[in-house]
Amino acid sequence: MIVPGNTIMIADDPFTQSYANLIDATYDVVDRIVLNGYFILGQSPGGFRTWWRKLFGGDAELDDTHLMRMAGRFSRRLRGWAEKNHIPVIDKAPGDRTCDIAPKLMPADPNFTGIFAVIVGRAPAPVWEVQRYGNNGINLRRKKPMPWVNHYSFQILDKEWGHVVIKLCGHPPFSAQIALNGHEWVACKARKEGLNFQKEENCFTDVSNAPGLSEIADALCSSSAIGRLEQVCERWIYTCLCFALDFRDQEATQFRYSYSIYQIEFSRNLLFHRGWQMDDVFDSVINRTRAPLRIKTVKKLFGCRPRRKAGRKPKCEVVVDRPVYDLTIFKVHFGRLTLKMYTKGERVLRIEAIAHNTPDLGCGKILSNFPRIVERLKSIMVRFLDVVHGLDASFVDDGTLDSLPLPSGEGSSKIGGIDLNKARMRAVFEAVVALAPSPDGFTAAALATAVQQITGLPYTSRQAAYDLKKLRAKQLVLRIPRSSRYQATSPGLRTIAALSILREKILKPILAAASSSKLEPPRNVATPIDCQYHIVQTHFRDLLSLAGIAA
């Protein structure tokens with residue numbers, strides 16, 4: 001628990017502030033980081049031939065056979081070294097996951113640093129293919145389709161980053177991926193500074209000094225993190241590479257890796273006073289946002305999750321699934337960007353923004369852009385929380401209901417009002433709420449598609465553009481500067497959600513009692529909301545009867 005006297009650190013987003021009285025502290029952290037390591041010279045045919053000549057003195061032996069021999073030598077050297085040093089080398093079976101195997105191989109010594117295991121698996125890789133023609137002519141190109149080759153995942157314990165994974169392709173130019181965990185870095189740093197905390201898997205469940213922990217986590221979001229990331233990569237990657245190229249060959253050919261950011265996760269963690277309070281908040285948030293965000297199904301998965309079929313394009317979707325018995329994950333997908341809200345441990349609610357491929361963020365992917373990428377992910381996460389809060393705490397300002405049907409001005413033109421008695425405008429409201437979490441806003445075409453899905457009727461982009469003018473005139477939606485994309489404003493989203501919820505979830509079910517000759521009691525298997533509807537409908541019928549409106 002938080003030690004009395006410490007300043008309570010609560011994030012300033014509207015969602016967190018609305019539950020501030022239930023929260024001990026919050027902290028933001030860059031969670032999972034995956035870097036790509038690549039040898040720049042080896043990425044082009046001419047550059048690869050130049051490197052090969054430095055290594056062998058010429059390209060007379062540059063052919064597929066010698067490239068395969070280099071991959072075979074990598075494997076033999078690695079397995080011989082591992083046997084000599086009693087390091088396990090595990091050949092992963094198809095379907096097995098490295099993250100499930102590695103924890104079982106962790107050394108018992110808490111002070112251990114270095115490589116403690118190597119896990120070998122097959123994956124596609126851009127491998128060079130050599131074609132010779134004429135008088136010593138060489139055509140160097142990538143094999144298509146990409147072949148499946150061995151990749152070697154070096155499991156490493158680092159003194160500053162904890163568990164580090166470097167996955168190295170056995171074929172030249174030996175592309176690499178480095179997986180790091182921000183929570184591990186924060187934990188290692190906190191121990192050095194003497195902070196007391198309890199950590200369960202990948203989250204802090206109790207913290208003695210919340211401001212101190214938050215300050216450490218913030219350091220991983222700043223520009224100083226660039227050097228830290230590069231240092232940990234340089235500390236281990238050339239040791240792993242030495243099984244393919246010894247240190248002398250690395251120096252002779254000037255083989256140096258450059259790094260780019262492939263995947264990254266940014267999370268906000270809310271530490272609640274009590275676990276049951278967290279569960280109540282999260283369950284109510286899901287119940288109130290599921291319908292407005294058009295979640296069609298609730299997926300309950302016990303210990304496994306479905307895999308997307310090869311070649312199928314990623315979809316924009318919202319799902320609620322349960323990958324383990326007591327864990328609910330609320331996920332929103334936008335292509336290769338994902339927003340998640342889920343519980344961790346006994347009393348931690350985590351909100352994550354994940355970039356599965358960082359170019360989708362539009363910030364570049366080289367390592368020097370790390371702070372910009374983190375800031376972009378943070379803004380997406382805050383936007384998501386703003387949308388959730390808008391749906392969770394909807395309201396209608398005084399005068400809004402009366403002013404909506406009145407005409408408005410947009411620029412120099414007069415625009416008609418918003419009539420919610422028309423099914424088209426109700427569908428537009430519903431579509432705007434469903435599109436609101438989109439990190440880059442939405443277009444008129446996307447709105448038209450969403451309305452068509454809701455109504456099943458023709459609705460064109462031109463109609464969507466006209467309706468968006470109405471919403472902009474009422475300050476419910478704004479146009480993103482220098483683009484043709486739109487975003488719901490925070491007050492506008494709360495107003496839209498409130499009007500939609502009042503009509504669909506309150507007025508319609510209650511008024512249904514007035515038109516029904518006989519009010520059926522709830523079934524034996526009834527949800528609490530069904531029971532409440534039945535009670536309200538019963539009292540409403542009695543009220544109509546007393547007022548002489550209903551017989």
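This is a predicted model: local features need pLDDT of at least 70, side-chain atom pairs count only at pLDDT 80 or more; totals for chains, interfaces and linings use all residues.
How many helices and strands are there in the chain? I counted through the assignment and found 16 helices and 20 strands; helices are DSSP runs of H or I with at least four residues, strands are runs of E with at least two, and both are numbered from the N terminus.

Residues are numbered from 1 along each chain as its sequence is written, and side-chain values use heavy atoms, with hydrogens and water left out.

Next I looked up burial (under 20% relative accessible area, 1.4 Å probe, protein chains only). Of the 551 residues in the chain, 46% are buried.

Then I turned to α13, residues 444–455. I noted Ala 444, Leu 447, Ala 448, Ala 450 and Val 451 as its buried residues. They sit on the same side of α13 because they cover an arc of only 165 degrees around the axis, taken from the directions from the helix axis to the C-beta atoms. These buried residues pack against α12 (423–435), α14 (461–473) and β20 (486–488).

Last, I checked α12 against α14. Their axes, lines fitted to C-alpha atoms over the stretch in contact, come within 11 Å and cross at roughly 80 degrees. I therefore wrote them down as roughly perpendicular to each other, the label for 65 to 115 degrees.

Notes:
The expected span of a helix is 1.5 Å times one less than its number of residues. Buried means under 20% relative accessible area, exposed over 50%, partly exposed in between (1.4 Å probe, protein chains only). Contact means heavy atoms within 4.5 Å. Axes are lines fitted to C-alpha atoms, for helices over the stretch in contact, and angles run from 0 to 180 degrees between N-to-C directions. Angles under 35 degrees count as roughly parallel, over 145 as roughly antiparallel, 65 to 115 as roughly perpendicular and the rest as oblique.
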